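Please look over the sequence and the structure shown below. The paragraphs after them take the parts in turn.

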Amino acid sequence: MIAELGHFSLMVALAVALVLGTLPIVGAARGNVAWMDLARPAARAVFVLVVFSSACLVASFVRDDFSVVYVATNSTRALPLRYKLAAFWGGHEGSMLLWVLILSVWMFAVSVFSRHLPKAMVARILAVMGLVAVGFLLFILLTSSPFERLIPAAEEGRDLNPLLQDPGMVAHPPMLYMGYVGFSVAFAFAIGALLGGNLDATWARWSRPWTTVAWSFLTLGICLGSAWAYYTLGWGGWWFWDPVENASFMPWLAGTALMHSLAVTEKRGGFKNWTVLLAIFAFSLSLLGTFLVRSGVLTSVHSFASDPRRGVFILLFLGVVIGGSLSLFAWRAPKVGLGERFGLVSRETMLLMNNVLFLAAAGSVLLGTLFPLCLDALGLSKISVGPPYFDVVFVVMMTPALFLMGIGPLARWKQAELPQIAQRLKWAFGVSILTALVLPLAMGRWSGLAAFGLCLALWIFAATMVNLWARVRSLPGDLPSRLRGLPLGYYGMLCAHVGVAVFVTGVTLVKSYQTEKDVQMDVGDTVAIGPYTFQFNGITEGNKENYVFAKGNFAVTRDGKPAGTMEPEKRQFLAQQEPMTKADINRGLTRDLYVSLGESVGKTAWTVRVYYKPFVDWIWAGCLVMVLGGILALSDRRYRRSRASESSAYDATGTVVLPA
Amino acid sequence: MRSRLPWSLLAQVKRVTTRWAARVALPVALALGAVSVPAGAKEAIEIGENPVQERHMMDLASELRCLQCQNQTLAESNAPLAVDLRQQIREMIAKGQSDEQIKQYLVARYGDFVLYRPPLKADTFLLWFGPPMLMVVGLASLYLVLKRRNRRADPGPITTDQHERARQLLAGDEENQA
Amino acid sequence: MTRFAFVRYLLPLAVFAVIAAFLYKGLWMDPREIPSPLIGKPAPDFDLQALEDPTRRIDRKDMLGKVWMLNAWASWCVACRDEHPVLVEFSHTGLVPIIGLNYKDTRREGMKWLTEFGNPYQTSGFDDSGRVGIDYGVYAVPETFLIDKQGVVRFKQIGPVTPDLLRNKLIPLIGRLNA
């Protein structure tokens, strides 16, 4: 009964979304206020219906209703409650419902936080989001409903994949989808502007916070995914350039470019076409990612079971959305005026270079991901493109952007002078290079890679500090009031850029200096790695709700002094064939110690992998600092000022009504 | 088959060298006795006869693809074929073969698919040179477009009236910001 | 702006169209199927004990001058069971000798399997280490090779041999190679 209600609710949501996707847009074109007014209530109705449907699915899981196919394939009675909830998005059908749920959350948010926007604009934005919802709801109802029945019902479920029974599974997909799907708002703003013909600085100002929130969520989501893979997969890797990972990274790259481009459009009225195009790209890449993961076109450890028919549907949907929006762009963009002129050396130019570089980087990741498919489709050869390719290419593409990150914020708008910038930055430049050349020695062994990466990171940090100092210096008053006088948006930028520097430091140091040992240990054996010694003290066995485990005990010492205990596990889930490795990680500010069990050998010995990973946590710390930057930018005063004065300046069609 | 096997049974999955090393190296180490390690405890034995070669094998294996898996490297995978191939590589390294020779050996049997670093050939030319070309072309077009735009006639300096209006607007804006 | 300046705005759409075309083609392909680099090259040498009789040896050179079929199989392989009746029936036609490659198996299990399900093989090589399998680029049993009189590999099938495959590909090819 509950499952049927859930399914029916989706059908009603589809009907409402259809109304939402059509009437308000026509209403906005014709000035029909009644139709435009439908947008908000319709969006909220879709939200309520999809939330209800999701609640039905959750209820089915909680009640162990194994007559629902999806519950039977992703859960068992013994599964802990929090993982029954996470199992919602553990498989293809549920994750599609999550997509629509989060889309409806964003629709609801837009319907609430858009009082200051002209009616026509709101109508168009919500209508575009409604159309996207129509596509996904149709897809779910026609090909991937999580509410399908299993008759006769199963006695016991097949359990959630053990790798997914982890807090990471509870957090990572929702955060990721909030980001991914959140770019639909920026997309809807862009389409709305193209349709309404009011692509200007005000439009950029409205669009910007939505983009920043989505970007922040996406950064957090990717960060969580990487951190989760690190401790779950047993060999200490944190990024594999797997197609599904790339599918989330490409929207991030386009989204970062979009945020920067929006800043220019808001402040200077320039880059309008760029910004709109980037908004379309960011969301298109999100949709493309959704396609790649489920169509069976690429192999991935993350991919869901594939089915060409589903793939065709999504591809058609992609064609309509992406093809439609790019066609709209090609039609309308030539009519959009250029912004003001700016010099060849200016902040505008640097940000434009930033756009180009980030887009080129996203393009390269796309190229690498799809290339094997292309060669195979042309009947040429069958190749693999993996980390050795991406690591090299991506670093090459990003280095100029990282270098530019130091210069850009210092350049003036419209016209800047390179000699003046160089003058300001010469100390930062010198200090970065010298420190970077020397610092690797502190790690024990000089490394060119480490020097290079540290140089970039230090450069970004130093240049950011120079920027702050220059800005503070030009203000009157004492230091605290000067610092308080700077807008939060500015701090957001500083914070995010510093976050990048922290990230680069982490990546560089861990790649240059990590060491590992693959050993066989019997009780009492020791192994030394870096400055630490590990002693194996045997195994304890036990069982939890739905698995049995063997837990190893390792005593860690450094220079003879105790430094902790580590307990990696080997888990055998009752419903699965393969055992799962749970590594234990001793985290520190400057290093991680990582131990994972291999297999048992003989009566008491085990094969063990021990890693020493310096500064690896700086990778995720850097991402979190970037997210903090986003939050700071969103807390800027100007987003909290009353909009009452603005909203009255617009009439129903969104045309500015000048004060008499 | 639902597995509730004790760990020793699970370990009876066929392993190749490590058992061998355990049977030989462990007793030898025991016989020789530990040197400067507390009584009873020993220095752990590294897998494979030669740790340097083992490291070499794992480095090489991390650039090769496991053919039975869903996108994993030969170093990470536990699939039977991956275990066999790692063993094969170990033996080839011990025989003194170069990385190139080992890669050629695998490519001759499985094709370029087994390499995660795509070889530079005619059909991968676009793959390797596409990205830098994209970057260069992008930046170059940017330069040309901006240069062309800047060559257009300057609209001329602003008039005194415009200057006054701007001053008034800015004064009003500052009041709002305070 | 010149008359054709608008063309550059169509560029993103054009790029998308190309990508979409590749994606569509990709829906009908299998990204995990690895074509064999051995086609057109001499079949790798092997010298194995026969499964049925450890004292007898099977050598690839024995098969020179004949068109023959090599089938990699194992008792633990589920898909091999599906293809087996097809092979057994095909072996009765006597069109080509079928040599088995017992891949990473035990003698006992292998013989038991053949006794239970039938033996279409003239003989089977006992490749318990899987080395010969690696030489032939085997990564997922069952796999079947067609080798010509000069010992050159002409065809490889990854996955079970079906009656359709026999009828449409293998038998005509055997005919051509024998001519």
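**Strands, cores and a contact between chains**

In strand β4 of chain A, A:A555 is the bridge partner of A:Q535. This is a predicted model, in which local features need pLDDT of at least 70 and side-chain atom pairs count only at pLDDT 80 or more, while totals for chains, interfaces and linings use all residues. Residues are numbered from 1 along each chain as its sequence is written, and chains are lettered from A and ligands numbered from 1 in the order in which they are written.

Strand β3 (residues 532-543) and strand β4 (residues 547-558) of chain A pair in the antiparallel sense over 10 bridges. Two strands pair if DSSP finds at least two bridges between them; strands (E, at least two residues) and helices (H or I, at least four) are DSSP runs, numbered from the N terminus. A hairpin through 3 residues joins β3(A) to β4(A).

With strand β5 (residues 561-566) of chain A, β4(A) runs antiparallel, joined by 5 bridges, and A:F554 has A:M566 of β5(A) as its bridge partner. The hairpin of β4(A) and β5(A) has 2 residues between the strands, and A:D559 there takes a positive phi near 50°.

Which residues of the largest nonpolar core touch the most other members? They are A:V46 and A:A186, in a core of 271 residues. A nonpolar core is a set of buried Ala, Val, Leu, Ile, Met, Phe, Trp, Tyr and Cys residues joined through C-beta atoms within 7 Å, and a residue is buried if 20 or more other C-beta atoms, placed from the backbone, lie within 10 Å of its own. A second, separate core of 20 residues includes A:M521, A:V608, A:V610 and B:A44.

In chain B, the axes of helix α3 (residues 51-61) and helix α4 (residues 80-94) come within 9 Å and cross at roughly 125°. Axes are lines fitted to C-alpha atoms, for helices over the stretch in contact, and angles run from 0 to 180 degrees between N-to-C directions.

The contact between the chains takes 47 residues from chain B and 56 residues from chain A; two residues are in contact if their C-beta atoms, placed from the backbone, lie within 7 Å. The largest share of the side of chain B that touches chain A, 13 residues, comes from α6(B).

Note on methods
A residue is buried if 20 or more other C-beta atoms lie within 10 Å of its own, exposed if 12 or fewer, and partly exposed in between; C-beta atoms are placed from the backbone.
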